[in-house]
Amino acid sequence: QVQLVESGGGLVQAGGSLRLSCVASGRIFSTYAMGWFRQAPGKEREFVAAISGSGGFINYPDSVKGRFTISRDSAKNTVYLQMTGLKPEDTAVYYCAAAPLATFIVRRTTTVNYWGQGTQVTVSS
């Protein structure tokens, strides 16, 4: 049973924008904080953004702060990642994740409860 379904990846030139979407089952969306990780070839999966169930807590690493914006729409059980000012180093597979908020605070991939299938983002220079 598919729990998280992502969309919105693609190829974009440096400086461009993309918006990723992740639709979750209602049970997951109402239970967990939601977030995004990414993994580039040959690198470990890294934290990108997180938002609490209420939307009151939002967190980003310095590498994307000011360029990426995470949001959630409870009516649609959907979390979004708006990415602007994209750089070639943002190229990676982006994964939607659902987990307790603490997991995102410590940015630990091993305690994520649910993962999406991943969507490729490629930024050309």
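**Entry 1: the pair at Glu46**

I looked up glutamate 46 and found a salt bridge with arginine 38, the closest N and O atoms being 2.6 Å apart. I count a salt bridge when a side-chain nitrogen of Lys or Arg lies within 4 Å of a carboxyl oxygen of Asp or Glu. Side chains of opposite charge can pair when their charged atoms come close.

The model is predicted, so I kept to its limits: local features need pLDDT of at least 70, side-chain atom pairs count only at pLDDT 80 or more, and totals for chains, interfaces and linings use all residues. I number residues from 1 along each chain as its sequence is written, and side-chain values use heavy atoms, with hydrogens and water left out.

Next I checked burial on both sides of the pair. Buried means under 20% relative accessible area, exposed over 50%, and partly exposed in between, with a 1.4 Å probe and protein chains only. Arginine 38 is buried because its relative accessible area is 6%. Glutamate 46 has 36% relative accessibility, so I noted it as partly exposed.

**Entry 2: other salt bridges**

By this rule I get a count of four salt bridges. Aspartate 90 and arginine 67 meet through their side chains in one of them, at 2.7 Å from N to O. This pair links distant parts of the chain, 23 residues apart: aspartate 90 is in the loop between strand E8 (78-83) and strand E9 (92-99), and arginine 67 is in the loop between strand E6 (58-59) and strand E7 (68-73). Both aspartate 90 and arginine 67 are buried. I also noted that salt bridges with shared partners join Arg38, Glu46, Arg67 and Asp90 into one network.

Another salt bridge brings together the side chains of lysine 65 and aspartate 62, at 3.4 Å from N to O. Aspartate 62 counts as exposed because its relative accessibility is 67%.

For charge over the whole chain, I took Lys and Arg as positive and Asp and Glu as negative, leaving out His and the chain ends. I placed each charge at NZ of Lys, CZ of Arg, CG of Asp or CD of Glu. The mean positions of the 12 positive and 7 negative charges are 5 Å apart.

**Entry 3: the chain as a whole**

I listed two helices and 11 strands in the chain. Helices (H or I, at least four residues) and strands (E, at least two) are DSSP runs, numbered from the N terminus. From the N terminus on, I read the order as β-β-β-α-β-β-β-β-β-β-α-β-β. The radius of gyration is 13 Å, close to the 14 Å that the globule rule gives for 125 residues, so the chain is as compact as a globular protein of that length. I took this radius over C-alpha atoms, and the globule rule is 2.2 Å times the number of residues to the power 0.38.

Along the principal axes, the C-alpha atoms fill a box of roughly 40 × 30 × 25 Å. Of the 125 residues, 45% count as buried. I take a contact as heavy atoms within 4.5 Å. Among contacts between residues at least 6 apart in sequence, 59% join residues at least 24 apart.

Serine 21 sits in strand E3 (residues 18-24). With 14% relative accessibility, serine 21 counts as buried. Leaving aside neighbours within four places in sequence, I found serine 21 in contact with Val5, Glu6, Ser7, Trp36, Thr78, Val79 and Tyr80.

I then turned to serine 7, which lies in strand E1 (residues 4-7). Serine 7 is partly exposed, its relative accessible area being 39%. Not counting residues up to four places away in sequence, serine 7 touches Arg19, Leu20 and Ser21. From C-alpha to C-alpha, serine 7 and glycine 116 are 9.9 Å apart in space, while 109 residues apart in sequence.

Glutamine 3 belongs to the segment before E1. Glutamine 3 has 17% relative accessibility and counts as buried. Beyond four places in sequence, I found that glutamine 3 touches residues including Val23, Arg27 and Tyr114.

**Entry 4: positive phi**

I noted a positive phi of about 50° at asparagine 77, although this residue is not a glycine. Asparagine 77 is in the loop between E7 and E8, and counts as partly exposed at 21% relative accessibility.

Arginine 107, also not a glycine, has a positive phi of about 60°. I placed arginine 107 in the loop between helix H2 (101-106) and strand E10 (114-115). Arginine 107 is partly exposed, with a relative accessible area of 36%.
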